Amino acid sequence: MQLLEYVFDGVSVQPVQGYKADPDVSPTLVFFPGKLNISAEVGIELFAEEEKYSDYGVRLLLKVGPKADEQAPYLVQVNARGLVRMHLVQAEGQAEERRVRAMVNGVSLLFGAVRELVVTITSRSVHGPFLLPSVSFSDLALPKGEPVAKVGARKPSAKRTKKVPQSSGD
């Protein structure tokens with residue numbers, strides 16, 4: 001699979017007024033994920049299906065803020081879209097498996113781009129660098145009912161909203 005291109009449709013990184021840094025945490029470390037409320041809305045759409053590959057549009061809307069009664073240095077909302085190419089190495093009749101793999105891996109690649117964007121923006125911001133914790137999108141591969149949504153301005157696509165599982169660090 002390849003990430004062919006990506007764009008950011010919207011980026012908002014707002015410093016939280018009154019935020020007090022924890023003196024026991026180095027600013028170069030990932031912010032403790034247990035204090036963060038991270039949610040993601042994702043989508044996928046088939047754009048092209050050729051003999052040797054399929055192209056999918058993927059979308060990630062990521063929102064990050066403090067959990068109730070916790071502090072976080074920034075409120076973040078980033079909307080990213082990308083085009084991924086899934087090379088057809090599977091047998092015939094596995095279109096759904098290709099779509100799911102494209103979604104899980106495509107959204108993960110977009111998250112990496114969003115993570116880098118956020119740390120770049122915040123490296124010159126009032127509370128210092130904010131490196132988002134690593135997250136896993138593997139549960140997108142689990143069967144669930146998917147409401148219809150749009151990716152960009154093209155055909156209807158699958159969409160899911162979920163709480164993002166978090167690791168304790170990188």
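Analyst: Strands are DSSP runs of E with at least two residues, helices are runs of H or I with at least four, and both are numbered from the N terminus. Strand 1 covers residues 2-15. This strand gives the most to the nonpolar patch, with 3 residues.

The model is predicted: local features need pLDDT of at least 70, side-chain atom pairs count only at pLDDT 80 or more, and totals for chains, interfaces and linings use all residues. Numbering starts from 1 along each chain as its sequence is written, and side-chain values use heavy atoms, with hydrogens and water left out.

Now the members. Tyr6, Phe8, Val11 and Ile121 form the patch. Together they have about 320 Å² of accessible area (Shrake-Rupley method, 1.4 Å probe; for residues, only the protein chains shown count as cover). Patch residues have over 30% relative accessible area and no salt bridge; nonpolar side chains (Val, Leu, Ile, Met, Phe, Trp, Tyr) are joined within 5 Å, like charges within 9 Å. A salt bridge puts a side-chain nitrogen of Lys or Arg within 4 Å of a carboxyl oxygen of Asp or Glu.

Take Val11. It sits in strand 1. Its relative accessible area is 41%, so Val11 is partly exposed. Buried means under 20%, exposed over 50%, and partly exposed in between (1.4 Å probe, protein chains only).

Now the setting. The protein has 1 helix and 6 strands, in the order β-β-β-β-α-β-β. Of its 170 residues, 38% count as buried. Its accessible surface comes to about 9,300 Å², and 52% of that belongs to carbon and sulfur atoms.
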